[in-house]
Amino acid sequence: MQIRTRSGGHDFEGLSYVSQVPFVIIDLIKLREIEIDVKNRIAWVQAGATAGELYYKISQKSKTLAFPASVCPTVGVGGQFSGGGYGVLMRKYGLAADNIIDAHIIDVKGRLLDREAMGEDLFWAIRGGGGASFGVILAWKVKLVPVPSTVTVFNVPKTLEQNATKLIHRWQVVANKLEEDIEINIILKRGSSSKKGESTIHALFQCLFLGGVDQLIPFMQKSFPELGLIREDSTEMSWIESVLFTFGFPRGQPLEVLLNRSQITTDSFKAKSDFVRIPIPEIGLEGIWSMFGEDGAEGAMMVLFPLGGIMDKISESEIPFPHRSGNLYLIQYTVHWEQEGDEIAQRHINWIRRLYSYMEPFVSKSPRASYINYRDLDIGVNNKGYTSYKQASIWGVKYFKNNFNRLAHVKTKFDPLNFFKNEQSIPTLLSGGGR
(Lines give C-alpha, C1' and ligand atoms only; values in the text may rest on other atoms or scores of the structure.)
Protein backbone atom coordinates (compact mmCIF):
# COMPACT_ATOMS: atom_id res chain seq x y z
CA MET A 1 0.00 0.00 0.00
CA GLN A 2 1.34 3.43 -0.94
CA ILE A 3 0.42 6.94 0.15
CA ARG A 4 -0.22 9.64 -2.48
CA THR A 5 -0.55 13.23 -1.27
CA ARG A 6 -2.44 15.74 -3.40
CA SER A 7 -2.68 19.50 -2.90
CA GLY A 8 -3.42 20.99 -6.32
CA GLY A 9 -3.36 17.86 -8.46
CA HIS A 10 -0.85 19.30 -10.92
CA ASP A 11 1.71 16.49 -10.87
CA PHE A 12 2.79 16.21 -14.53
CA GLU A 13 2.89 12.42 -14.38
CA GLY A 14 -0.15 12.14 -12.11
CA LEU A 15 1.80 10.65 -9.22
CA SER A 16 -0.30 12.54 -6.66
CA TYR A 17 -3.42 10.60 -7.67
CA VAL A 18 -2.38 7.56 -9.80
CA SER A 19 -0.37 4.45 -8.96
CA GLN A 20 0.40 1.04 -10.43
CA VAL A 21 0.06 -0.50 -6.95
CA PRO A 22 -2.71 -0.25 -4.31
CA PHE A 23 -2.67 3.24 -2.77
CA VAL A 24 -4.50 5.77 -0.61
CA ILE A 25 -4.85 9.48 -1.51
CA ILE A 26 -4.41 12.05 1.21
CA ASP A 27 -6.32 14.93 -0.38
CA LEU A 28 -5.45 18.30 1.14
CA ILE A 29 -7.94 20.34 -0.90
CA LYS A 30 -9.87 21.42 2.22
CA LEU A 31 -6.69 22.44 4.03
CA ARG A 32 -6.39 25.88 2.48
CA GLU A 33 -6.35 28.59 5.14
CA ILE A 34 -4.05 31.56 4.51
CA GLU A 35 -2.97 34.06 7.17
CA ILE A 36 -1.29 37.27 5.99
CA ASP A 37 0.81 39.36 8.41
CA VAL A 38 1.51 42.61 6.53
CA LYS A 39 3.45 44.23 9.37
CA ASN A 40 6.02 41.43 9.53
CA ARG A 41 5.79 40.55 5.82
CA ILE A 42 5.05 36.88 6.41
CA ALA A 43 2.23 34.45 5.65
CA TRP A 44 1.16 31.00 6.78
CA VAL A 45 -0.38 29.10 3.89
CA GLN A 46 -1.82 25.61 4.20
CA ALA A 47 -0.71 23.01 1.68
CA GLY A 48 -4.09 22.64 -0.06
CA ALA A 49 -4.25 26.30 -1.06
CA THR A 50 -3.40 27.30 -4.61
CA ALA A 51 -0.88 29.91 -5.72
CA GLY A 52 -3.81 31.98 -7.02
CA GLU A 53 -5.51 31.92 -3.62
CA LEU A 54 -2.28 33.05 -1.97
CA TYR A 55 -1.77 35.88 -4.46
CA TYR A 56 -5.38 37.03 -4.03
CA LYS A 57 -5.19 37.02 -0.21
CA ILE A 58 -1.95 39.02 -0.30
CA SER A 59 -3.52 41.57 -2.66
CA GLN A 60 -6.46 42.08 -0.31
CA LYS A 61 -4.09 43.10 2.48
CA SER A 62 -1.37 45.00 0.57
CA LYS A 63 -0.74 46.52 -2.86
CA THR A 64 3.03 46.46 -2.38
CA LEU A 65 3.66 42.88 -1.19
CA ALA A 66 3.87 39.73 -3.31
CA PHE A 67 5.26 36.20 -3.32
CA PRO A 68 7.59 34.59 -5.91
CA ALA A 69 5.81 31.42 -7.00
CA SER A 70 4.01 29.90 -9.97
CA VAL A 71 2.75 31.67 -13.11
CA CYS A 72 -0.18 29.21 -13.11
CA PRO A 73 -2.70 30.13 -10.38
CA THR A 74 -4.26 26.66 -9.97
CA VAL A 75 -1.04 24.98 -8.78
CA GLY A 76 -1.21 23.74 -5.20
CA VAL A 77 1.40 25.23 -2.89
CA GLY A 78 2.05 21.95 -1.05
CA GLY A 79 3.66 20.35 -4.08
CA GLN A 80 4.94 23.40 -5.92
CA PHE A 81 6.89 24.91 -3.02
CA SER A 82 8.35 21.51 -2.07
CA GLY A 83 9.86 21.17 -5.57
CA GLY A 84 11.29 24.69 -5.74
CA GLY A 85 8.59 26.77 -7.40
CA TYR A 86 9.58 29.46 -9.90
CA GLY A 87 7.79 32.36 -11.57
CA VAL A 88 8.28 35.82 -12.98
CA LEU A 89 9.73 37.17 -9.70
CA MET A 90 12.46 34.48 -9.64
CA ARG A 91 15.27 36.72 -10.93
CA LYS A 92 14.52 39.27 -8.18
CA TYR A 93 13.62 37.06 -5.23
CA GLY A 94 14.50 33.47 -6.12
CA LEU A 95 12.19 30.46 -5.83
CA ALA A 96 9.19 29.96 -3.58
CA ALA A 97 11.35 27.47 -1.66
CA ASP A 98 14.05 30.12 -1.14
CA ASN A 99 11.48 32.16 0.78
CA ILE A 100 10.14 29.49 3.15
CA ILE A 101 11.02 30.15 6.79
CA ASP A 102 9.01 27.43 8.58
CA ALA A 103 6.78 24.46 7.82
CA HIS A 104 4.44 21.94 9.43
CA ILE A 105 4.88 18.30 8.40
CA ILE A 106 3.54 14.97 9.64
CA ASP A 107 6.38 12.46 9.64
CA VAL A 108 6.34 8.66 9.28
CA LYS A 109 5.76 8.30 13.04
CA GLY A 110 2.65 10.48 12.87
CA ARG A 111 4.26 13.42 14.67
CA LEU A 112 3.35 17.00 13.74
CA LEU A 113 6.66 18.86 13.42
CA ASP A 114 7.63 22.46 12.84
CA ARG A 115 11.08 23.65 11.75
CA GLU A 116 12.54 23.50 15.24
CA ALA A 117 11.15 20.03 15.94
CA MET A 118 12.09 18.52 12.56
CA GLY A 119 15.62 19.96 12.52
CA GLU A 120 17.53 21.69 9.76
CA ASP A 121 18.26 18.55 7.68
CA LEU A 122 14.60 17.72 7.07
CA PHE A 123 13.71 21.41 6.71
CA TRP A 124 16.41 21.65 4.02
CA ALA A 125 15.13 18.56 2.20
CA ILE A 126 11.47 19.58 1.89
CA ARG A 127 12.34 22.97 0.34
CA GLY A 128 13.06 21.72 -3.17
CA GLY A 129 13.56 17.98 -2.68
CA GLY A 130 9.91 17.10 -3.14
CA GLY A 131 7.92 16.86 0.09
CA ALA A 132 6.16 13.58 -0.73
CA SER A 133 9.34 11.57 -0.02
CA PHE A 134 9.51 12.65 3.62
CA GLY A 135 6.00 13.01 5.02
CA VAL A 136 2.81 15.01 4.55
CA ILE A 137 3.37 18.77 4.47
CA LEU A 138 0.46 20.64 6.01
CA ALA A 139 1.55 24.28 5.84
CA TRP A 140 4.33 26.70 4.91
CA LYS A 141 5.43 29.92 6.59
CA VAL A 142 6.79 32.22 3.89
CA LYS A 143 8.45 35.61 3.55
CA LEU A 144 6.45 38.09 1.51
CA VAL A 145 8.47 40.33 -0.80
CA PRO A 146 8.12 44.03 -1.68
CA VAL A 147 6.95 45.14 -5.12
CA PRO A 148 6.23 48.67 -6.40
CA SER A 149 2.62 49.84 -6.53
CA THR A 150 3.01 50.09 -10.32
CA VAL A 151 4.67 47.46 -12.53
CA THR A 152 4.88 47.30 -16.32
CA VAL A 153 4.14 44.36 -18.61
CA PHE A 154 4.33 43.68 -22.31
CA ASN A 155 3.56 40.94 -24.83
CA VAL A 156 5.49 41.35 -28.09
CA PRO A 157 4.66 38.66 -30.69
CA LYS A 158 7.09 37.80 -33.47
CA THR A 159 7.09 35.21 -36.26
CA LEU A 160 9.93 33.71 -38.29
CA GLU A 161 9.07 36.21 -41.02
CA GLN A 162 9.60 38.97 -38.44
CA ASN A 163 13.11 37.81 -37.56
CA ALA A 164 12.12 35.68 -34.57
CA THR A 165 15.14 33.35 -34.91
CA LYS A 166 17.69 36.15 -34.58
CA LEU A 167 15.69 37.76 -31.75
CA ILE A 168 15.59 34.50 -29.79
CA HIS A 169 19.30 33.97 -30.39
CA ARG A 170 19.99 37.48 -29.06
CA TRP A 171 17.61 36.94 -26.09
CA GLN A 172 19.74 33.98 -25.00
CA VAL A 173 22.72 36.30 -24.53
CA VAL A 174 20.77 39.14 -22.90
CA ALA A 175 17.93 37.80 -20.74
CA ASN A 176 19.87 36.29 -17.83
CA LYS A 177 22.18 39.32 -17.55
CA LEU A 178 19.50 41.99 -17.25
CA GLU A 179 19.00 43.70 -13.91
CA GLU A 180 16.92 41.75 -11.40
CA ASP A 181 13.84 43.99 -11.77
CA ILE A 182 13.07 42.69 -15.27
CA GLU A 183 12.06 39.25 -16.51
CA ILE A 184 11.50 38.45 -20.19
CA ASN A 185 10.39 34.93 -21.12
CA ILE A 186 9.48 33.48 -24.52
CA ILE A 187 6.54 31.24 -25.42
CA LEU A 188 6.97 29.30 -28.69
CA LYS A 189 4.10 27.74 -30.64
CA ARG A 190 3.29 26.65 -34.17
CA GLY A 191 0.79 28.88 -35.93
CA SER A 192 -0.41 30.17 -39.27
CA SER A 193 1.89 32.17 -41.51
CA SER A 194 1.24 35.35 -43.46
CA LYS A 195 1.80 33.11 -46.48
CA LYS A 196 -1.53 31.47 -47.23
CA GLY A 197 -1.71 27.79 -46.32
CA GLU A 198 1.70 27.72 -44.58
CA SER A 199 2.65 27.50 -40.92
CA THR A 200 5.34 29.33 -38.99
CA ILE A 201 6.67 29.70 -35.46
CA HIS A 202 5.03 32.28 -33.21
CA ALA A 203 7.35 33.61 -30.49
CA LEU A 204 5.73 35.67 -27.73
CA PHE A 205 8.18 37.83 -25.75
CA GLN A 206 6.52 38.38 -22.39
CA CYS A 207 7.85 40.76 -19.73
CA LEU A 208 7.31 41.83 -16.14
CA PHE A 209 9.22 44.95 -15.06
CA LEU A 210 9.14 46.12 -11.44
CA GLY A 211 8.81 49.79 -12.31
CA GLY A 212 7.08 52.25 -14.62
CA VAL A 213 7.01 52.42 -18.39
CA ASP A 214 9.15 55.59 -18.37
CA GLN A 215 11.98 53.50 -16.90
CA LEU A 216 11.34 50.41 -19.01
CA ILE A 217 11.47 51.96 -22.50
CA PRO A 218 14.97 53.50 -22.25
CA PHE A 219 16.20 50.40 -20.45
CA MET A 220 15.00 48.15 -23.28
CA GLN A 221 16.40 50.51 -25.92
CA LYS A 222 19.79 50.15 -24.26
CA SER A 223 19.74 46.44 -23.34
CA PHE A 224 17.62 44.75 -26.02
CA PRO A 225 16.98 47.28 -28.82
CA GLU A 226 16.57 44.49 -31.38
CA LEU A 227 13.10 43.71 -29.98
CA GLY A 228 11.91 47.15 -31.05
CA LEU A 229 9.76 47.75 -27.97
CA ILE A 230 7.62 50.89 -28.08
CA ARG A 231 5.50 52.53 -25.42
CA GLU A 232 2.28 51.29 -27.01
CA ASP A 233 3.39 47.69 -26.42
CA SER A 234 3.61 48.26 -22.66
CA THR A 235 0.96 48.57 -19.96
CA GLU A 236 1.28 49.80 -16.39
CA MET A 237 -0.73 47.97 -13.73
CA SER A 238 -0.57 46.64 -10.18
CA TRP A 239 1.39 43.49 -9.35
CA ILE A 240 -1.78 41.46 -8.77
CA GLU A 241 -3.12 42.57 -12.17
CA SER A 242 0.16 41.43 -13.72
CA VAL A 243 -0.48 37.94 -12.32
CA LEU A 244 -3.64 37.75 -14.44
CA PHE A 245 -1.86 39.26 -17.46
CA THR A 246 1.09 36.86 -17.33
CA PHE A 247 -1.13 33.80 -17.16
CA GLY A 248 -3.19 35.03 -20.09
CA PHE A 249 -6.52 36.02 -18.56
CA PRO A 250 -8.40 38.54 -20.74
CA ARG A 251 -8.11 42.17 -19.65
CA GLY A 252 -10.85 43.29 -17.29
CA GLN A 253 -11.30 39.95 -15.54
CA PRO A 254 -12.03 40.32 -11.80
CA LEU A 255 -9.28 39.30 -9.40
CA GLU A 256 -11.61 36.61 -8.08
CA VAL A 257 -10.73 34.40 -11.07
CA LEU A 258 -7.62 33.57 -9.02
CA LEU A 259 -9.89 31.74 -6.57
CA ASN A 260 -11.17 29.33 -9.23
CA ARG A 261 -9.54 25.97 -8.56
CA SER A 262 -10.88 24.34 -11.72
CA GLN A 263 -8.22 23.34 -14.23
CA ILE A 264 -8.10 25.73 -17.16
CA THR A 265 -7.74 22.89 -19.65
CA THR A 266 -8.79 19.26 -19.48
CA ASP A 267 -6.79 17.92 -22.41
CA SER A 268 -3.96 15.39 -22.22
CA PHE A 269 -0.31 16.38 -22.35
CA LYS A 270 3.27 15.23 -21.93
CA ALA A 271 5.99 17.52 -20.58
CA LYS A 272 9.78 17.59 -20.29
CA SER A 273 12.40 20.11 -19.20
CA ASP A 274 15.99 21.17 -19.81
CA PHE A 275 18.49 23.78 -18.64
CA VAL A 276 20.60 25.68 -21.17
CA ARG A 277 24.10 26.88 -20.27
CA ILE A 278 25.43 27.92 -23.70
CA PRO A 279 23.34 29.82 -26.30
CA ILE A 280 21.82 27.54 -28.93
CA PRO A 281 23.14 28.58 -32.38
CA GLU A 282 20.69 29.80 -34.99
CA ILE A 283 21.06 26.58 -36.98
CA GLY A 284 20.07 24.66 -33.84
CA LEU A 285 16.97 26.82 -33.41
CA GLU A 286 16.05 26.26 -37.06
CA GLY A 287 16.13 22.52 -36.41
CA ILE A 288 13.53 23.03 -33.67
CA TRP A 289 11.31 24.95 -36.07
CA SER A 290 11.48 22.06 -38.52
CA MET A 291 10.38 19.63 -35.83
CA PHE A 292 7.43 21.86 -34.93
CA GLY A 293 6.14 21.21 -38.44
CA GLU A 294 6.12 17.43 -38.01
CA ASP A 295 3.20 15.09 -37.43
CA GLY A 296 2.52 14.91 -33.70
CA ALA A 297 3.58 18.51 -33.02
CA GLU A 298 0.06 19.90 -33.11
CA GLY A 299 -0.47 21.48 -29.71
CA ALA A 300 3.28 21.70 -29.01
CA MET A 301 4.77 24.53 -26.99
CA MET A 302 8.14 25.53 -25.55
CA VAL A 303 8.59 28.10 -22.80
CA LEU A 304 12.04 29.64 -22.31
CA PHE A 305 12.41 31.12 -18.83
CA PRO A 306 15.53 33.15 -17.95
CA LEU A 307 17.59 32.63 -14.82
CA GLY A 308 20.36 34.96 -13.65
CA GLY A 309 19.77 37.77 -11.19
CA ILE A 310 19.65 36.55 -7.60
CA MET A 311 19.63 32.94 -8.83
CA ASP A 312 23.32 33.36 -9.70
CA LYS A 313 24.10 34.39 -6.10
CA ILE A 314 22.46 31.49 -4.26
CA SER A 315 24.59 28.39 -3.68
CA GLU A 316 23.65 25.14 -5.49
CA SER A 317 23.47 23.45 -2.09
CA GLU A 318 21.48 26.12 -0.23
CA ILE A 319 18.36 24.01 -0.82
CA PRO A 320 17.96 20.82 -2.93
CA PHE A 321 17.14 22.80 -6.12
CA PRO A 322 20.66 23.04 -7.66
CA HIS A 323 20.07 24.91 -10.95
CA ARG A 324 21.73 28.23 -10.16
CA SER A 325 24.78 30.06 -11.51
CA GLY A 326 25.85 29.15 -15.05
CA ASN A 327 22.35 28.40 -16.31
CA LEU A 328 21.04 30.83 -18.91
CA TYR A 329 17.46 29.61 -18.95
CA LEU A 330 15.05 26.77 -18.29
CA ILE A 331 13.05 25.12 -21.09
CA GLN A 332 9.63 23.63 -20.53
CA TYR A 333 8.48 21.42 -23.41
CA THR A 334 4.83 20.37 -23.66
CA VAL A 335 2.64 18.75 -26.27
CA HIS A 336 -1.15 18.71 -25.83
CA TRP A 337 -3.88 16.69 -27.51
CA GLU A 338 -7.64 16.45 -27.02
CA GLN A 339 -8.54 13.28 -28.93
CA GLU A 340 -8.75 10.03 -26.99
CA GLY A 341 -7.02 6.77 -27.81
CA ASP A 342 -3.61 5.19 -27.20
CA GLU A 343 -2.47 5.58 -30.81
CA ILE A 344 -3.08 9.34 -30.82
CA ALA A 345 -1.41 9.75 -27.43
CA GLN A 346 1.63 7.75 -28.51
CA ARG A 347 2.03 9.84 -31.67
CA HIS A 348 2.36 13.02 -29.61
CA ILE A 349 4.53 11.41 -26.93
CA ASN A 350 6.87 10.01 -29.59
CA TRP A 351 7.17 13.48 -31.08
CA ILE A 352 8.19 15.17 -27.82
CA ARG A 353 10.68 12.37 -27.16
CA ARG A 354 12.23 13.00 -30.59
CA LEU A 355 12.45 16.72 -29.83
CA TYR A 356 14.08 15.96 -26.48
CA SER A 357 16.61 13.73 -28.23
CA TYR A 358 17.32 16.43 -30.82
CA MET A 359 17.99 18.97 -28.03
CA GLU A 360 20.68 16.89 -26.32
CA PRO A 361 23.72 18.64 -27.90
CA PHE A 362 22.40 22.08 -26.92
CA VAL A 363 21.53 21.66 -23.23
CA SER A 364 23.26 20.91 -19.91
CA LYS A 365 25.45 17.82 -19.70
CA SER A 366 26.80 15.46 -17.03
CA PRO A 367 24.08 15.42 -15.88
CA ARG A 368 21.49 16.56 -18.37
CA ALA A 369 19.50 18.47 -15.77
CA SER A 370 15.72 18.48 -15.31
CA TYR A 371 13.28 20.28 -13.00
CA ILE A 372 11.51 18.08 -10.44
CA ASN A 373 8.21 19.99 -10.71
CA TYR A 374 8.15 19.16 -14.43
CA ARG A 375 8.22 15.51 -13.51
CA ASP A 376 9.25 13.18 -16.34
CA LEU A 377 9.24 9.41 -15.82
CA ASP A 378 11.13 8.95 -19.10
CA ILE A 379 14.37 9.89 -17.33
CA GLY A 380 14.14 6.96 -14.91
CA VAL A 381 11.90 5.35 -12.28
CA ASN A 382 12.14 3.36 -9.08
CA ASN A 383 11.24 -0.32 -8.87
CA LYS A 384 7.94 -1.35 -7.32
CA GLY A 385 9.96 -2.96 -4.54
CA TYR A 386 13.45 -2.04 -3.35
CA THR A 387 15.41 0.48 -5.39
CA SER A 388 19.11 1.03 -4.77
CA TYR A 389 20.62 4.48 -4.47
CA LYS A 390 22.68 3.76 -7.59
CA GLN A 391 19.61 2.94 -9.67
CA ALA A 392 17.65 5.94 -8.35
CA SER A 393 20.62 8.17 -9.15
CA ILE A 394 19.83 7.69 -12.86
CA TRP A 395 16.96 10.15 -12.44
CA GLY A 396 17.92 11.69 -9.10
CA VAL A 397 21.10 13.49 -10.15
CA LYS A 398 19.25 15.02 -13.11
CA TYR A 399 16.82 16.74 -10.76
CA PHE A 400 19.15 17.42 -7.82
CA LYS A 401 22.78 17.02 -9.02
CA ASN A 402 25.10 16.63 -6.00
CA ASN A 403 22.25 17.35 -3.58
CA PHE A 404 20.74 13.93 -4.34
CA ASN A 405 23.21 12.25 -1.98
CA ARG A 406 22.27 14.48 0.95
CA LEU A 407 18.57 13.95 0.19
CA ALA A 408 19.11 10.18 0.40
CA HIS A 409 20.84 10.57 3.78
CA VAL A 410 17.94 12.67 5.09
CA LYS A 411 15.47 10.09 3.75
CA THR A 412 17.36 7.29 5.51
CA LYS A 413 17.32 9.21 8.80
CA PHE A 414 13.64 10.19 8.78
CA ASP A 415 11.95 7.40 6.74
CA PRO A 416 14.40 4.45 6.81
CA LEU A 417 11.82 1.85 5.75
CA ASN A 418 10.69 3.97 2.77
CA PHE A 419 7.04 4.32 3.76
CA PHE A 420 6.62 7.46 1.63
CA LYS A 421 7.49 6.24 -1.83
CA ASN A 422 6.50 6.61 -5.46
CA GLU A 423 8.04 6.18 -8.92
CA GLN A 424 10.50 9.02 -8.27
CA SER A 425 10.71 9.30 -4.49
CA ILE A 426 14.07 9.71 -2.77
CA PRO A 427 15.51 6.26 -1.93
CA THR A 428 16.71 5.07 1.47
CA LEU A 429 20.34 4.01 1.78
CA LEU A 430 19.44 0.93 3.79
CA SER A 431 19.99 -2.27 1.80
CA GLY A 432 16.61 -3.74 0.94
CA GLY A 433 14.74 -0.91 2.70
CA GLY A 434 11.06 -0.58 1.82
CA ARG A 435 10.61 -3.90 0.05
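How are α6 and α9 oriented to each other: roughly parallel, roughly antiparallel, roughly perpendicular or oblique? The model examined here is a predicted one, in which local features need pLDDT of at least 70 and side-chain atom pairs count only at pLDDT 80 or more, while totals for chains, interfaces and linings use all residues. Residues are numbered from 1 along each chain as its sequence is written, and side-chain values use heavy atoms, with hydrogens and water left out.

**Helix pairs**

Two packed helices are described by the angle between their axes and the distance between the axes. Axes are lines fitted to C-alpha atoms, for helices over the stretch in contact, and angles run from 0 to 180 degrees between N-to-C directions. Helices (H or I, at least four residues) and strands (E, at least two) are DSSP runs, numbered from the N terminus.

| Helix pair | Angle | Distance between axes |
|---|---|---|
| α6 (residues 164-174) and α9 (residues 282-292) | about 125 degrees | 10 Å |
| α9 and α10 (residues 342-358) | about 170 degrees | 11 Å |

Angles under 35 degrees count as roughly parallel, over 145 as roughly antiparallel, 65 to 115 as roughly perpendicular and the rest as oblique; α6 and α9 are therefore oblique to each other, whereas α9 is roughly antiparallel to α10. In the second pair, the contact (heavy atoms within 4.5 Å) is made by Ile283, Gly284, Gly287, Ile288, Met291 and Phe292 of α9 together with Trp351, Arg354, Leu355 and Tyr358 of α10.

Strands of a sheet pair through backbone hydrogen bonds, either parallel or antiparallel. Here five strands form an open sheet in the order β3-β4-β8-β6-β7, with antiparallel pairing, where two strands pair if DSSP finds at least two bridges between them. The edge strands, each pairing on one side only, are β3 (34-37) and β7 (112-113). Strand β6 (residues 100-106) is joined by six bridges to strand β8 (residues 136-143), and Ile105 stands opposite Ile137 in β8. Helix α1 (residues 51-61) packs on the sheet, where it touches β3 and β4 (42-46), and its direction makes about 35 degrees with that of β3.

**A buried residue**

Thr246 lies in helix α8 (residues 239-247) and counts as buried (under 20% relative accessible area, with a 1.4 Å probe and protein chains only), because its relative accessibility is 10%. Leaving aside neighbours within four places in sequence, Thr246 is in contact with Val71, Val88 and Gln206.

Terms used:
Buried means under 20% relative accessible area, exposed over 50%, partly exposed in between (1.4 Å probe, protein chains only).
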